[in-house]
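Here is a short note for a colleague opening this model for the first time. Please keep the sequence and the 3D view side by side while reading.

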Amino acid sequence: MRDPLSARQLQILSAIREWITEYGEGPSVRQIGVLVGLSSTGSVAYQLAQLEQRGLISRSERRWRTVRLGS
């Protein structure tokens with residue numbers, strides 16, 4: 001069994017969902033950082049990689065702006 005998502009991961013998923021709803025594409029790493037209160041893009045990228053590894057998000061290119069929510 002996997003560990004539950006952290007509060008930060010849930011916050012990031014919510015921010016991505018809202019951004020895609022409003023703008024039709026995923027936010028950049030910097031935009032996610034602003035939305036969730038993280039100033040380090042490295043911290044945001046780490047959390048995104050964790051979510052991607054779990055299959056909760058995916059991207060069609062190397063850029064995070066192509067992020068899609070998983071099932």
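**Notes on the fold and its core**

1. The protein chain has 3 helices and 2 strands. These are DSSP runs, numbered from the N terminus: helices are H or I with at least four residues, strands are E with at least two. Along the sequence the pattern reads α-α-α-β-β. The radius of gyration, taken over C-alpha atoms, is 11 Å, close to the 11 Å from the globule rule for 71 residues, so the chain is as compact as a globular protein of that length. That rule is 2.2 Å times the number of residues to the power 0.38.

2. A word on the basis. This is a predicted model, in which local features need pLDDT of at least 70 and side-chain atom pairs count only at pLDDT 80 or more, while totals for chains, interfaces and linings use all residues. Residues are numbered from 1 along each chain as its sequence is written, and side-chain values use heavy atoms, leaving out hydrogens and water.

3. Overall dimensions come next. The C-alpha atoms fill a box of roughly 35 × 25 × 20 Å along the principal axes. The accessible surface is about 4700 Å², and 48% of it belongs to carbon and sulfur atoms. Areas come from the Shrake-Rupley method with a 1.4 Å probe; for residues, only the protein chains shown count as cover. Of the 71 residues, 30% count as buried. Buried means under 20% relative accessible area, exposed over 50%, partly exposed in between.

4. Contacts mean heavy atoms within 4.5 Å. Among contacts with a separation of 6 or more, 47% join residues 24 or more positions apart.

5. Now the core. The largest nonpolar core has 13 residues, and Ile12, Ile16, Ile32, Val36, Val44, Leu48 and Ile57 touch the most other members. Such a core is a set of buried Ala, Val, Leu, Ile, Met, Phe, Trp, Tyr and Cys residues joined through side-chain atoms within 4.5 Å. Helix 1, helix 2 (29-36) and helix 3 (41-53) each supply at least two residues of this core. Helix 1 gives the most, with 4 residues.

6. Look at Ile12. Apart from neighbours within four places in sequence, Ile12 is in contact with Ile32, Val36, Gln47, Leu48 and Leu51. Gln9 also lies in helix 1. Gln9 is buried, at 9% relative accessibility.

7. Which residues of helix 2 are buried? They are Val29, Ile32, Gly33 and Val36. Their arc around the axis is only 100°, which puts them on the same side of helix 2. The arc uses the directions from the helix axis to the C-beta atoms. The buried residues of helix 2 pack against helix 1 and helix 3. The face turned away from the buried side carries the exposed residues Arg30 and Val34. Gly37 follows helix 2, with a positive phi near 80°.

8. Last, the rings. Rings of Phe, Tyr and Trp (its six-membered ring) pair if their centres lie within 6.5 Å; planes under 30 degrees apart are stacked, over 60 edge-to-face, the rest tilted. The count is 1 aromatic pair. Trp19 and Tyr23 form this tilted pair, 4.3 Å centre to centre with 35° between the planes. Trp19 and Tyr23 are 4 residues apart in helix 1 (residues 7-23), about one helical turn. Trp19 is buried at 15% relative accessible area, whereas Tyr23 is partly exposed at 47%.

Terms used. Buried means under 20% relative accessible area, exposed over 50%, partly exposed in between (1.4 Å probe, protein chains only).
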